[in-house]
Amino acid sequence: MRNLFLDEQKVISAHDFTGSFTDTWRDMRVSMVLPPLTVALFICVVMSIMMFIERVYMTVVIILVKLLGKKKYTQYKLEALKEDLEQNKSYPMVLVQIPMFNEKEVYKLSIGSVCSLTWPADRLIVQVLDDSTNEVLQTLVELECKKWIERGVNVKYETRNNRNGYKAGALREGLKKDYVFDCEFVVIFDADFQPDEEFLLRTVPYLLKNPELALVQARWKFVNANECIMTRLQEMSLAYHFTIEQEVGSSTCQFFGFNGTAGVWRIRAIEDAGGWKDRTTVEDMDLAVRASLKGWKFVFVGDLEVKNELPSTFKAYRYQQHRWSCGPANLLRKMTKEIIFCEKVSIWKKFHVIYAFFFVRKIIAHWVTFFFYCVIIPISIMVPEVKLPKAIAIYIPATITILNSSCTLRSLHLLVLWILFENVMSFHRSKATIIGLLGANRVNEWVVTEKLGNATKPRCSVRPPKRRSRFGER
C-alpha cells in the first residue's frame, strides 16, 4: 500500500509539473508571441484585402472590355490604316534596335527575323548593339550582319568599349548615331525575340494615326513553354500579366509598363521623357512612367504575339526575377515625389501609378504571398489564441489564386505545383523588393538572362519504341 501511495504521489507530481510547464509556456506565448503576431497578422490581412480588391477590379474591367468590345487597339481600325499606308506609300523611317550581350545561341535568330520584316528597305534601319565581351562571338555577329547587308538590308553593327548603363546605355548610345536623326520610330527586340514579318505593318499605323501615342506594345508568345514544368509554370504567371494587367492598363488610363522588348516607341516621346536612364534595373519601366507623366499615351495590341524564350534553368529564372522585383521597388523609391508633384496628369492617374501599378502589383503581391501565406498563417496555427477568419485564410487566397491562373486553362491541372512554385519564388521576390526599397547591396545587379536557343534546336523526331505497360510499372 505504501509503494502504491508513493507511485500515485509521483504521478500527481508529474501531472502538476506538466501542467505548470504548459501554463508557463501558454503565458509566455501569450505575452511574448501574441502581440507582435497580431500586429503582423493585421498588416498582412490589410495587404491581402488590397490585393484581393485589385484582382477583382481588374477582372471586372477585363470582362466589361471584352463584352463591350472596348479594347483600345480595336478602336483604330487597323486594316483601314494599313491600306491607307500602302496606297499613299507614306512609310516613315523606322529604326530597329537589337541589344545583345554574348548571345551565342540566338543572335542569328533575332537578326534574321528582324531583317525579314515587311517594310521598304530604304525606310528601315536595323541596328545591332553588341556589348559582347567574347571577341570570337563579336566577329560571328558582325559576319551575320554583313550577310544581311549583302542582301540589301540596311544593317548597322555597333559596339562599345564598355558596358556603362548596360541595356539602357546601349540603347541610349544607339539613338545618338547620325543616321538615326531621320528616324521617327524605334522598335526594340531582345536577342531571343522573333517578330512576324508583318510586325511593323501591325504596329506603326497606330502611331501614325494618333500623334499623342508614344508606345505600341505587343504580347509575348513562348516557344519553349513545354520545355519543362518550370516553363509551364512561368507561362501561367506571365499569361495573367499580358491578358489582364496590360490590357486593363491600356483600356482604362492608356498606361502600362513597357516590357522592354517587342514594342514600338515614338522617338520624340523618348526624348521628351528624358531619354534612357540606367538608375535602376528596369530602364523600360522607368521610361514608360516618365513618358506617361509627360502626357503620352500607350496602347497594348493583345492579338499581336512575338515569339521568345522563357528561362529554362532555375538559376537564370531566379536572377531574372530578382531584377524584375528589385527594379520596380527601387524605381518607386526614386520617383514617388516626381509622380506626386507632376502637373500634367490627373490625380486619378497619379493614384493609379503609385497605388495600383507600383505598390499593390510590384510590392504587396510579393509580400502577401510570402509573409502572409508562408509565414503568418503557419505560425497562427501553432498559436491557437490567434483567431484567423475563414474568409481571410481560405476564401480570399483561393479567389486570388483562381483569378491569377485562369488565363492559362491548359495548365490548370498544374495549379497545386504552381502555388508551391510561386510560394518559393515569393521569398526571392520579397527579398528583392526590400533591397530595392532600401537601396541596399545588389540593388543594381544586372545578370543577363541566359538563352539556350530552344526555338532553333531541332527536336528529335525519332521516338523510342512503345513498351507494353505493366500494372506494376504503372
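**Burial, ring pairs and salt bridges**

Trainee: Why is W265 called buried?

Mentor: W265 has a relative accessible area of 0%. The model is a predicted one.

Trainee: What makes F258 and W265 an edge-to-face pair?

Mentor: The ring centres of F258 and W265 are 5.6 Å apart, with 85° between the planes. Rings pair if their centres lie within 6.5 Å, and planes over 60 degrees apart count as edge-to-face.

Trainee: How many aromatic pairs does the structure hold?

Mentor: The structure holds 21 aromatic pairs. One of them is F189 with F199, with ring centres 5.0 Å apart and planes at 65°. That angle is over the 60 degrees needed, so this pair too is edge-to-face. F189 and F199 are 10 residues apart, and each lies in the loop between strand 4 and helix 6. Both are buried.

Trainee: How do you know that R151 lies over the face of W148?

Mentor: R151 is 4.5 Å from the ring centre of W148, and the cut-off for a charge over a ring is 6 Å. The charged end of R318 is placed likewise over the ring of Y319, 5.5 Å from its centre.

Trainee: What makes E144 and K147 a salt bridge?

Mentor: Their closest N and O atoms are 3.2 Å apart. A salt bridge needs a nitrogen of Lys or Arg within 4 Å of a carboxyl oxygen of Asp or Glu, so the pair E144 and K147 qualifies. The two residues are 3 residues apart in helix 4, about one helical turn.

Trainee: Why is K147 called partly exposed?

Mentor: K147 has 33% relative accessibility. Buried is under 20% and exposed is over 50%, with partly exposed in between, so K147 falls in between. E144 is buried, with a relative accessible area of 6%.

Trainee: How do you know that K177 forms a salt bridge with E158?

Mentor: The closest N and O atoms of K177 and E158 are 3.7 Å apart, and the limit is 4 Å. K177 is in the loop between helix 5 and strand 4 and E158 is in strand 3, so the pair ties together parts 19 residues apart in sequence. K177 is partly exposed, at 29%, whereas E158 is buried, at 17%.

Trainee: Where do K167 and D190 lie?

Mentor: K167 is in helix 5 and D190 is in the loop between strand 4 and helix 6, 23 residues apart. They form a salt bridge with closest N and O atoms 2.9 Å apart, and both are buried. A search of the whole structure finds 16 salt bridges.

Trainee: Why is helix 9 described as largely enclosed?

Mentor: 11 of the 11 residues of helix 9 are buried, so the rest of the structure largely encloses this helix. Its buried residues pack against several elements, among them helix 5, strand 6 and helix 11.

Trainee: Why is N210 called buried?

Mentor: N210 has a relative accessible area of 15%, and the limit for buried is under 20%, so the term applies. N210 lies in the loop between helix 6 and strand 5. Leaving aside neighbours within four places in sequence, N210 is in contact with Y76 and R266.

Notes
Residues are numbered from 1 along each chain as its sequence is written. This is a predicted model: local features need pLDDT of at least 70, side-chain atom pairs count only at pLDDT 80 or more; totals for chains, interfaces and linings use all residues. Side-chain values use heavy atoms; hydrogens and water are left out. Helices (H or I, at least four residues) and strands (E, at least two) are DSSP runs, numbered from the N terminus. Buried means under 20% relative accessible area, exposed over 50%, partly exposed in between (1.4 Å probe, protein chains only). Contact means heavy atoms within 4.5 Å. Rings of Phe, Tyr and Trp (its six-membered ring) pair if their centres lie within 6.5 Å; planes under 30 degrees apart count as stacked, over 60 as edge-to-face and the rest as tilted. A charge sits over a ring if NZ of Lys or CZ of Arg is within 6 Å of the ring centre and within 35 degrees of the ring normal. A salt bridge is a side-chain nitrogen of Lys or Arg within 4 Å of a carboxyl oxygen of Asp or Glu.
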